[in-house]
Amino acid sequence: MRIGELAKVTGTTARALRHYEQAGLISSERASNGYRVYAERAVVRVRNIRHLLAAGLTLDDVRVFLPCLDGDVAAAPPSDKGLQVAAERLAVLNQRIAAQTEARDRLEAALQRATGAAIRPVA
């Protein structure tokens, strides 16, 4: 299938697919007209990549899962390396959340001092 078809079937964009290919996570052949052509199995692989990215992993992190990207990543038993990568990514995300929480609290305090009133969070 061509890149546009793969993008539509997997709910992503052609740009993201080219990015995944550049990162070495998927591959394509070139048709005689120069268009990228992907095998049907790329659908499962792209869905798995998107699943891992949605879980908070980066493309570099996803590389660890290359051996199992063509199967059911969500149901497969995790590898030791996969667990290590996930734990490291979780630590990074927790650090970012803590930093953002501190920044929010400083801004809220500054606004309270400036206005003399409690600031209501916007939902």
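Q: Which helix supplies the largest share of the lining of the largest pocket?
A: Helix 5 does, with three residues. A helix here is a DSSP run of H or I with at least four residues, a strand is a run of E with at least two, and both are numbered from the N terminus. Helix 3 and helix 5 (80-115) each give at least two residues to this lining.

Q: What kind of model is this, and what is counted in it?
A: This is a predicted model, in which local features need pLDDT of at least 70 and side-chain atom pairs pLDDT 80 or more, while totals for chains, interfaces and linings use all residues. Residues are numbered from 1 along each chain as its sequence is written, and side-chain values use heavy atoms, leaving out hydrogens and water.

Q: Why is Val-62 called buried?
A: Buried means under 20% relative accessible area, exposed over 50%, and partly exposed in between, with a 1.4 Å probe and protein chains only. Val-62 is at 0%, so Val-62 counts as buried. This residue lies in helix 4. Leaving out residues up to four places away in sequence, Val-62 touches Leu-25, Ile-49, Leu-52, Leu-53, Leu-57 and Leu-69, where a contact means heavy atoms within 4.5 Å.

Q: What makes Ala-7 buried or exposed?
A: Its relative accessible area is 7%, so Ala-7 is buried. Ala-7 lies in helix 1 and touches Thr-12, Thr-13, Ala-14 and Leu-17, not counting residues up to four places away in sequence. The C-alpha atoms of Ala-7 and Leu-17 are 7.1 Å apart, although the two are ten residues apart along the chain.

Q: Which residues touch the most other members of the largest nonpolar core?
A: Of its 23 residues, Leu-6, Leu-17, Tyr-20, Tyr-38 and Ile-49 do. A nonpolar core is a set of buried Ala, Val, Leu, Ile, Met, Phe, Trp, Tyr and Cys residues joined through side-chain atoms within 4.5 Å. Two or more residues come from each of helix 1 (3-10), helix 2 (14-22), helix 3 (42-54) and helix 4 (59-62). Helix 3 gives the most, five residues.

Q: How many residues in the lining of the largest pocket are nonpolar, polar and charged?
A: Twelve are nonpolar, three polar and none charged. Ala, Val, Leu, Ile, Met, Phe, Trp, Tyr, Cys and Pro count as nonpolar, Asp, Glu, Lys and Arg as charged, and the others, Gly among them, as polar. Of the 15 lining residues, Phe-65, Cys-68, Pro-77, Pro-78 and Ser-79 lie nearest the centre of the pocket. On a 1 Å grid over the protein atoms alone, a pocket is an open set of points where a 1.4 Å probe fits, with protein on both sides within 12 Å along at least five of seven lines, and lining residues have an atom within 4 Å of a point.
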